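The sequence and the structure are shown first.

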Amino acid sequence: MNTRWLELKVPPPVVGLVVGVAMWFLAPLGPGLAVPDPARLWLALAVAAVGAGFDLTGLIAFVRRRTTVNPLRPTHTSALVTGGVYRITRNPMYVGMACLLTALAVWLGALWPWLGPVAFVLYITRFQIQPEERVLTTLFGEAYTAYTRRVRRWL
């Protein structure tokens with residue numbers, strides 16, 4: 001089945017929001033996890049803080065290099081950003097969103113919501129990151145290819 005029509009169509013924050021809402025509705029359907037409420041809350045806050053850090057530092061790096069932050073228009077990219085948080089991951093904003101969904105799964109304290117971060121990573125990899133990588137390879141050639149050899153797609 002050809003699914004290319006889904007590439008670069010849904011903004012990643014919308015994907016994250018839809019996944020988060022699905023996680024919320026799945027939580028009451030499955031078994032709960034035996035983690036005390038205070039520990040669950042603090043762990044969720046810590047993971048959310050890490051996620052927000054990845055999101056914010058990735059965004060700031062794009063703004064500083066004056067390149068597009070619009071994930072649906074990678075052809076408008078004017079600079080290859082490889083410094084700062086982009087030395088750790090090629091996709092810090094998506095890593096941040098995955099962390100936020102993981103924090104939600106921790107906070108919900110049930111088994112089924114853990115499918116959310118997995119679904120997000122699979123969807124974003126296939127329909128957002130891989131098409132972006134094709135565009136960036138075309139725009140930046142060997143510089144981007146060398147970068148992909150040095151830095152992982154996720155973590």
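Which residues make the nonpolar surface patch of about 910 Å²?

## Nonpolar surface patch

In this predicted model, the patch is formed by L17, V21, W24, F25, L41, W42, L45 and W107, with an area of about 910 Å². Helices α1 and α2 each contribute at least two of its residues, and α1 gives the largest share, four residues.

One of the patch members, L45, lies in helix α2. L45 counts as partly exposed because its relative accessibility is 45%, and partly exposed covers the range between under 20% for buried and over 50% for exposed.

## Nonpolar core

The largest nonpolar core holds 29 residues, of which V19, M23, Y86, Y94, F120, I124 and W154 touch the most other members. Two or more residues each come from α1 (12–26), α2 (37–64), α3 (92–108) and α4 (115–150). The largest share is that of α3, with nine residues.

Leaving aside residues up to four places away in sequence, W154 is in contact with I88, T89, Y94, V95, A98, F120, V121, I124, T125 and I129. Among these partners, Y94, F120 and I124 are also listed with W154 as core residues that touch the most other members.

## Helix α3

Helix α3 is 17 residues in length and spans 24 Å from its first C-alpha to its last, close to the 24 Å expected at 1.5 Å a residue. Because 13 of its 17 residues are buried, α3 is largely enclosed by the rest of the structure. After α3 comes G109, which has a positive phi near 65°.

How values were computed
Residues numbered from 1 in each chain as written. Predicted model: local features only at pLDDT ≥ 70, side-chain atom pairs only at ≥ 80, totals over all residues. Heavy atoms only, no water. Core = buried A, V, L, I, M, F, W, Y, C linked by side-chain atoms within 4.5 Å. Buried < 20%, exposed > 50% of the residue type's maximum accessible area, 1.4 Å probe, protein only. Contact = heavy atoms within 4.5 Å. Patch = residues over 30% accessible without salt bridge, like charges linked within 9 Å, V, L, I, M, F, W, Y side chains within 5 Å. Areas by Shrake-Rupley, 256 points an atom, 1.4 Å probe, with all protein chains shown as cover. Salt bridge = Lys/Arg side-chain N within 4 Å of Asp/Glu carboxyl O. Expected span 1.5 Å × (residues − 1).
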